[in-house]
Amino acid sequence: MKFPGSVLISLVLFVSETAAAVCLSRGYRDQGDHMWRMLTLLFALVPCALVQLSLYFVHRDVTRDRPLVLLLHLLQMGPLVRCVEAFYIYFSAERVEEPYVSITKKRQLPKDGYSEEIEKEVGQAEGKLRTHRSAFSRASVIQAFLGSAPQLTLQLYICILQQEVTVARSIFMVLSLLSIVYGALRCNILAIKIKYDDYDVQVKPAAYLCIFMWRSFEIATRVAVLVLFGSVLRVWVFLIVLLNFLGFFFYPWIHFWLSKSPFPENIEKEVSRLGTTIVLCLLTLLYAGINMFCWSAAQVELSDPDLISKSQNWYQMTVYYIVRLMENAFLLLMWYIYRTDFYLYVCAPMLFLQLLIGYCMGIFFMLVFYQFCHPCKKLFSSSITEALFSCFNILYIICQHHKSTLLKGKVAMKSPENTDEARASSKTIDPQNRSVHQSASSNA
């Protein structure tokens with residue numbers, strides 16, 4: 001049985017970040033910064049409540065008579081109780097004999113063109129541990145992008161405004177960044193396991209390292225770009241964030257409406273239609289929060305029974321990173337133009353270049369992961385490099401077509417002028433020819 005290490009890591013990050021947020025908000029209260037104190041507590045408590053809701057929902061405690069567990073969830077102690085329960089199941093599994101086991105069938109990844117099917121016996125304890133891992137993975141994603149990401153952006157913005165980086169704030173920002181990167185990593189692993197549910201997927205350490213480096217560069221540079229832009233253009237940053245958030249929030253709903261699929265009813269039998277709508281709205285809210293800071297490995301598709309798209313859309317990923325790189329470059333350019341006197345002691349061109357290179361490094365590690373370290377790369381119909389080349393070919397064809405249309409337009413604009421000049425020249429030459437003909441006839 002696999003050690004529940006992911007459950008322990010999620011709990012440690014959750015508890016340490018919440019405790020750091022409470023301590024930092026107390027420091028803001030002592031300094032008289034009530035607005036920063038309220039925002040820090042808000043970004044800490046809202047994801048806490050959503051984490052309790054997700055843990056309670058995944059374990060299906062709605063249909064069970066467990067008032068003590070419900071009370072502990074209301075007291076925001078649900079992750080602690082779930083972690084203790086997971087480790088109790090792990091250490092007592094070998095001492096208690098399983099009354100019955102279930103058999104699962106998984107296919108191995110193809111070798112030499114062949115894929116074998118393997119049967120595994122899964123006991124009750126292992127099934128419960130899988131439920132705990134799945135619940136904590138979802139809770140880590142919620143904590144990362146609905147709590148830690150806004151928290152990191154806020155604290156970095158406060159550091160720039162106050163021109164001071166305290167020890168407590170720096171520790172809190174490091175914890176928040178680790179929480180975001182870990183949440184993005186769990187999102188990648190969840191997406192792989194959902195897309196390739198029929199296969200026995202084994203993620204190697206090199207894949208974890210590539211994902212960690214990819215997400216670290218991508219998220220850190222994205223947060224830094226937003227904070228720098230917001231420090232000089234405070235009103236416009238709200239417009240940028242709002243457009244990004246609303247665009248990604250409504251994109252799954254627009255796609256679902258265009259597909260004309262029936263409303264999903266199989267999320268949970270005991271949940272009403274209103275509850276299903278609320279769950280779907282929370283899911284798209286999380287999807288928008290992820291795409292605000294990084295590429296969401298799990299693409300929401302409301303018409304699918306699993307609510308996750310199982311197709312690997314390289315073109316969508318390519319367009320996302322091209323547009324995001326252009327957006328980051330534009331925001332950094334606006335910061336460079338409107339930067340204040342505070343940035344006189346900072347080498348602005350070097351910082352501009354470093355952030356763009358950092359984002360490109362994130363894209364580089366993403367390419368390395370999908371090209372060499374992805375556990376299911378043998379199942380890809382085409383590699384990501386082929387998709388990139390085809391996408392660039394399409395862009396090249398579009399540009400060439402645009403140039404040819406411009407040239408045709410210029411030729412069409414010039415041709416009437418040439419005909420008019422020819423007519424004018426013929427008119428000027430005709431009187432001379434007529435006078436010559438008249439003089440020749442008179443001499444004759």
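## Helix H5 and its partners

The crossing of H5 and H9 is left-handed. This comes from a predicted model. Helix H9 covers residues 273-293. Its axis lies 9 Å from that of H5, and the two helices pack at an angle of about 45 degrees. That angle makes H5 oblique to H9.

H5 also packs against H6. H5 runs over residues 124-162, and H6 over residues 167-195. Their axes come within 7 Å and cross at roughly 150 degrees. Angles over 145 degrees count as roughly antiparallel, so H5 and H6 are roughly antiparallel to each other. The crossing of H5 and H6 is left-handed. What kinds of residue make up the contact of H5 with H6? The residues divide into 17 nonpolar, 10 polar and 3 charged.

## The loop from H5 to H6

Glutamine 163 sits in the loop between H5 and H6. Its phi is near 55 degrees. That is a positive value in a residue other than glycine. Most residues other than glycine have a negative phi.

Is glutamine 163 buried or exposed? Its relative accessible area is 55%. The cut-off for exposed is over 50%, so glutamine 163 counts as exposed.

## H6 against H7

H6 has a further neighbour in helix H7, residues 205-232. The axes of H6 and H7 come within 9 Å. They cross at roughly 130 degrees, so H6 and H7 are oblique to each other. H6 passes H7 in a right-handed crossing.

## Helix H4 and glycine 78

Helix H4 spans residues 78-92, 15 residues in total.

Several residues of H4 are buried, among them Arg82, Cys83, Ala86 and Phe87. Pro79, Ile89 and Ser92 are buried as well. An α-helix has 3.6 residues a turn, so residues three or four places apart point the same way.

Which distance separates glycine 78 from leucine 55 in space? The two are 7.4 Å apart, C-alpha to C-alpha, yet 23 residues apart in sequence.

## Cysteines

A disulfide is a covalent bond between the sulfur atoms of two cysteines. How many disulfides does a search of the whole structure find? The search finds 0. Cysteine 373 is in no disulfide. The nearest cysteine sulfur to that of cysteine 373 belongs to cysteine 210, 3.7 Å away.

Cysteine 159 has a relative accessibility of 5%. At that value, cysteine 159 counts as buried.

## Leucine 353 in H11

Helix H11 covers residues 348-373, and leucine 353 lies in it. Leucine 353 has a relative accessible area of 45%, so it is partly exposed. Alanine 329 is 24 residues from leucine 353 in sequence. In space, the C-alpha atoms of these two residues are 9.5 Å apart.

## The chain as a whole

The chain has 12 helices and 2 strands. In what order do the elements run from the N terminus on? The order is α-α-α-α-β-β-α-α-α-α-α-α-α-α. The chain has 444 residues, and 41% of them count as buried.

Key:
Residues numbered from 1 in each chain as written. Predicted model: local features only at pLDDT ≥ 70, side-chain atom pairs only at ≥ 80, totals over all residues. Heavy atoms only, no water. Axes fitted to C-alpha atoms, helices over the stretch in contact; angles between N-to-C directions. Helix = DSSP H or I, 4+ residues; strand = E, 2+ residues; numbered from the N terminus. Parallel < 35°, antiparallel > 145°, perpendicular 65-115°, else oblique. Left-handed = near helix turned anticlockwise from the far one by under 90°. Nonpolar A, V, L, I, M, F, W, Y, C, P; charged D, E, K, R; others polar. Expected span 1.5 Å × (residues − 1). Buried < 20%, exposed > 50% of the residue type's maximum accessible area, 1.4 Å probe, protein only. Disulfide = S-S within 2.5 Å.
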